[in-house]
Amino acid sequence: MAKIIDDISRTFQEYLLLPGLTKKEHVPSNVSLRVPIQRFTKKSGQRISLNIPFVSAAMQAVSGPDLAIALARKGGCAFIFCSQSIEEQAEMIRLVKEHKAGFVESDSNLPPTATLRDALVLAKKTGHSTIAITKDGTQNSKLLGILTSKDYWEFKDDLSKPIKNYFTPLEKLVLAEEGISLQDATEKLWKHKKECLPIIDKKGNLKYLVFRRDYFDHKSNPDELTDEQKRLFVGGALNTHDYKERARALMDAGVDALCLDSSDGFTEWQAEACRHLRKEYGDSMVLGGGNVVTAAGFRYLVETAKVDFVKIGIGGGSICITREQKGIGRGQASSVIEIAAERDRYFKQTGTYIPICSDGGLNNDTQVIIALAMGADFVMMGKYFAMTEESPTSKITYQGRLYKPYWGEGSNRARNWQRYKEGGGSGLVFEEGVDAYVPYSGPLGEKMDVTLAKIRATMCNIGTLTLRDFHDNAQLTRVSEMTIVEGGTSSVEQLDRISSNG
C-alpha cells in the first residue's frame with residue numbers, strides 16, 4: 001500500500017511570528033536584505049548575491065524586459081520566460097543588458113543625409129530620443145554630431161528636410177576619449193551641464209554614450225543589482241528540451257543567471273540538463289533547479305544536478321491548478337520548513353550552502369515575511385509582479401477598476417507544451433494553469449518600497465539585522481481559525497464601508 005506521511009500540509013497563513021528583543025541598533029536603516037543566489041562554501045563566503053530577496057516568475061504575463069529592468073533597479077532579478085523562441089528570449093535579455101551599461105553602445109544612429117522623418121521613425125522604434133549622427137550611419141563610424149528631440153519641432157519643421165540642418169555638430173559637443181572612467185565621465189557631464197557625453201576613439205569614431213539620466217537612476221536606486229560591467233542583472237529560464245541551444249544564446253546575450261523551469265524538478269531530465277550545462281559553462285554559471293517539495297528532491301538536485309539554488313513549490317501559485325488536476329503538491333509552508341532544515345543539514349555536513357527559493361503560495365506581504373522567517377533565502381512571485389505597470393500585459397478597465405491579464409505557463413493560452421511533456425506525449429492534454437485577471441497595482445518601485453519597509457520593520461521586531469539571523473532566530477507559532485479572525489477588522493466598521501453604504 002501507499003506510504004502515508006503522518007503530517008499536515010500547512011500554508012504560510014497558519015503561522016505568526018513572535019517578537020524578540022528589539023535593541024537600539026535594530027532600526028530599518030541598519031537592516032541588510034542581501035541574500036545569496038549562488039552556492040558557496042564556508043571558506044569562499046557568499047559569491048553572487050541579490051540585494052533584495054525577490055525574483056520574478058518566468059511567465060509570459062510577468063517577466064518581460066520592462067519588469068526585469070525595474071526589478072534589477074530595486075535589487076532583485078527577473079527570470080525572462082522560455083515559452084517563446086530562442087531568438088525572442090535572447091533579445092529580451094539583450095534589451096535589459098543594454099538598458100543601462102554606464103558606457104552605452106548607441107543603437108540609434110543615422111547618416112547626415114537622413115531626413116527628420118527618418119529620425120522620428122527611428123526614435124519611435126528604439127524609444128531613444130538621442131540619435132548619433134555618424135559618417136555612414138553605423139554604430140562605430142566617424143561621429144559628426146548628435147540629434148535630440150530638442151533640436152526640432154515635430155509638428156512645425158519640414159520632416160522631409162535632411163537632419164544635417166538640425167543636429168548639433170561635433171565642434172559644439174562636449175566629448176571624451178575612450179579609456180575615460182565612468183566616474184570621470186559623469187564629472188564631465190556635471191561640469192558642463194550636459195545630458196549626453198559621446199565617447200570617441202583616437203580616430204574620432206563613436207564608441208559609447210554616457211547619459212546624465214543613468215547617474216540619477218543609479219543614485220535613486222542604491223540597491224540596484226548590476227554585473228561587473230555595471231549592466232543590470234537579469235536571469236533567463238530554460239526547459240529540458242532545447243536547453244543546449246537556448247543556454248548558448250542567452251549566455252551570448254549576457255544573461256547573469258539561468259534556471260530550469262518545470263512544475264516538477266525531481267526528474268532525471270532536469271538532472272541531465274543541469275549536468276550538461278555545468279560541464280559546458282563551469283562553476284561560474286549561476287544555475288537554479290526545481291521545483292521540489294521534499295528534502296529528497298532538494299538532495300537530488302544539489303547532489304545529482306549540481307544546481308546553485310533550489311526552487312520550492314508545487315501547486316501553490318494563484319493561477320496553478322496542478323494539485324486539483326493531478327493530486328500532486330504540498331502546502332508551501334511545510335515544503336519550506338522541511339527543505340530549509342535539509343539545506344542547513346547539508347551545509348553542516350559538507351560546508352556548502354545552497355540557497356533556496358520559495359516559489360508560489362504568497363498572497364500578501366505578510367506571507368512573504370513568514371516564508372523568509374521559515375528559511376527561504378528569497379522568494380519567486382508571479383501575481384505580485386503581474387499586477388504592476390511594468391509587466392508585459394496591457395491594462396483593461398472593468399466596472400471602473402483597472403486590471404491586467406494573468407495566465408499560468410501550464411494554461412492553453414501560454415501554449416507552453418515543452419514544460420509538461422517529459423516522457424513523451426503530444427501537446428497539452430490537460431491544463432495545469434488558468435487564465436485570469438489581477439487588479440492593477442501601479443509602478444513596481446512604489447509597491448516594492450512598501451513590501452521592503454514591512455520586511456525591515458518586522459526584522460527589527462524580531463531583533464535581527466540580516467536574513468541569515470532572521471532564519472536562525474525567528475520563532476513562529478501556529479494559529480487557530482479564531483486567531484485569524486481576531487487579527488482582522490471584523491469587529492469595527494471601516495469608513496469606506498460606511499461611505500459606500502451611505
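This is a predicted model: local features need pLDDT of at least 70, side-chain atom pairs count only at pLDDT 80 or more; totals for chains, interfaces and linings use all residues.
1. Helices (H or I, at least four residues) and strands (E, at least two) are DSSP runs, numbered from the N terminus. Residues are numbered from 1 along each chain as its sequence is written, and side-chain values use heavy atoms, with hydrogens and water left out.

2. K193 sits in the loop between α4 (182–192) and β12. Its phi is near 55 degrees, a positive value in a residue other than glycine. K193 counts as exposed because its relative accessibility is 62% (buried is under 20% relative accessible area, exposed over 50%, partly exposed in between, with a 1.4 Å probe and protein chains only).

3. K306 also has a positive phi, near 60 degrees. This residue belongs to the loop between α8 (295–304) and β17 (309–312). At 41% relative accessibility, K306 counts as partly exposed.

4. Another one to look at is the peptide bond from G290 to N291, which is cis, with omega near 10 degrees. N291 lies in strand β16 (residues 286–292). For context, most residues other than glycine have a negative phi, and most peptide bonds are trans.

5. Lastly, a sheet: three strands form an open sheet in the order β11-β12-β13, with mixed pairing (two strands pair if DSSP finds at least two bridges between them). Its edge strands, β11 (176–177) and β13 (206–211), each pair on one side only. β11 runs parallel to β12 (residues 196–200), the two pairing over two bridges, and E177 stands opposite I200 in β12.
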